[in-house]
Amino acid sequence: MMVKVGSRELELGGEHLTELRDSNDIRHDFDALRARMAEDGYLLLRDFHDREEVLNARRAVLRKMEKMGKLDRDTLLEDGVMADGSRTLFFGGTNEDLPELLDVLNGPRIMSFFDELFGEKSLTYNYKWLRAVGKGDYTGAHYDIVYMGRGTHNLYTVWSPIGDISYAMGGLAMCLGSHRFEELKRTYGTKDSDWDKVNNYTDDPLVITGKYGGKWATTEYRAGDVMIFGMFLLHCSLENTTNQYRLSVDTRYQSSQEKIDERWAGKKPRGHF
């Protein structure tokens, strides 16, 4: 099976692309989860969020998009089919108009998980990175640290699909072992997106593996799944090759005792500047 990863078409199960492994077998063993994170650089947890709560949040996001005229009115709302001329949408901010979504992202289930993972009280950034990715679009390979590196580096991204995401719709892909690419961490990984005017490292996933090694991995996702990873794991997305919006949201979690990147905190986070 061939899938579009960034700007490349790669064979799933071939030389450059494999399947992600999930960590549901150790879901409640936090020592094992910390060890798995150190080993793999990520945790894929299936059915982490309550599926019905995620689907309820999906409907709320799609209703907002429908009011904006971004959905095909001759199709079911739940399908999220793009209207003619519509493109990728980014809803970065506190998303206070979407309480159904915030109930999932700020709720006791996920906050108690990170309390256990950190071994102390955790917090989440007020800013949420909600995206509706349209046909033909994808995210290039990058470290998250370049976008939020002014606080603690002991910070985790949680990527939550807001709906079921097939290979064709373009879910997340991770570069296995890239959290140990010391040369890349010393160079690109020390940059600040605002100060240094940097963005994605590359749109070509084989540029990474050709220079540093590793292998790419992806999977299909269902509403309720999460990908959790640190600031130094290279990741990108598959291209959305369908006419349906791919809805997903990035959120960040850290210990409440460590320094926070002020761009993303507070009632009105300033964001990039």
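Predicted model: local features only at pLDDT ≥ 70, side-chain atom pairs only at ≥ 80, totals over all residues.
Helix H1 spans residues 30-40, and its buried residues are Phe30, Leu33, Arg36, Met37 and Asp40. Seen down the axis of H1, these buried residues fall within an arc of 110°, so they line one face of the helix. The face turned away from that buried side carries the exposed residues Asp31 and Ala38. The cover over the buried residues of H1 includes strand S4 (42-45), helix H4 (108-118), strand S8 (155-161) and strand S11 (226-230).

Both ends of H1 have a local feature that can be located in the model. Just after H1, glycine 41 takes a positive phi of about 85°.

Positive phi values also occur in residues other than glycine. Aspartate 47 has a phi near 55° and sits in the loop between S4 and H2. With 49% relative accessibility, aspartate 47 counts as partly exposed. Asparagine 95 likewise has a positive phi, of about 55°, although it is not a glycine. Its place is the loop between S5 and helix H3 (99-105). Asparagine 95 counts as buried, at 7% relative accessibility.

The strand pairing can be followed from strand S10 (residues 215-218). Strand S3 (residues 17-19) runs parallel to S10, and three bridges join them. Within this pair, leucine 17 has tryptophan 216 as its bridge partner. S10 also pairs with strand S9 (residues 172-176), here in the antiparallel sense and over four bridges. In this pairing, lysine 215 of S10 stands opposite leucine 176.

Strand S7 (residues 128-133) is another strand with two pairings to trace. S7 is mostly covered, with five of its six residues buried. Strand S5 (residues 89-93) pairs with S7 in the antiparallel sense over five bridges, and glycine 92 has tryptophan 129 in S7 as its bridge partner. S7 is also joined by five bridges to strand S13 (residues 246-255), again antiparallel. There, valine 133 is bridged to arginine 246 in S13.

The next topic is the packing of nonpolar residues. In soluble globular proteins, nonpolar side chains tend to be buried together. The largest nonpolar core in this model has 41 residues, of which Met65, Leu101, Phe113, Phe114, Ile228, Tyr245 and Leu247 touch the most other members. Helix H2 (residues 51-67) supplies the largest share of this core, seven residues. Apart from it lies another core, of 31 residues, among them Leu17, Cys175, Ile208 and Tyr212.

Not counting residues up to four places away in sequence, phenylalanine 113 touches Arg27, Phe30, Leu33, Leu45, Phe48 and Ile228.

Threonine 157 lies in S8 and counts as buried, at 1% relative accessibility. The side chain of threonine 157 makes a polar contact with the side chain of arginine 252, at 2.9 Å. Leaving aside neighbours within four places in sequence, threonine 157 is in contact with Asp144, Met227, Ile228, Phe229, Met231, Thr251 and Arg252.

Serine 160 is also found in strand S8. Serine 160 is buried, with a relative accessible area of 1%. Not counting residues up to four places away in sequence, serine 160 touches His49, Leu105, Asp225, Val226, Ser248 and Val249.

The last topic is the cysteines. How many disulfides does a search of the whole structure find? The search finds zero. For cysteine 175, the closest cysteine sulfur is that of cysteine 236, and the distance of 8.6 Å is too far for a bond, since a disulfide requires sulfur atoms within 2.5 Å. Cysteine 236 is accordingly in no disulfide. Cysteine 175 is buried, at 0% relative accessibility, and cysteine 236 counts as buried at 3%.

Notes
Residues numbered from 1 in each chain as written. Heavy atoms only, no water. Buried < 20%, exposed > 50% of the residue type's maximum accessible area, 1.4 Å probe, protein only. Arc of directions from axis to C-beta. Contact = heavy atoms within 4.5 Å. Pairing = 2+ DSSP bridges. Core = buried A, V, L, I, M, F, W, Y, C linked by side-chain atoms within 4.5 Å. Polar contact = N/O pair within 3.5 Å; in protein donor to acceptor, adjacent residues only side chain to side chain.
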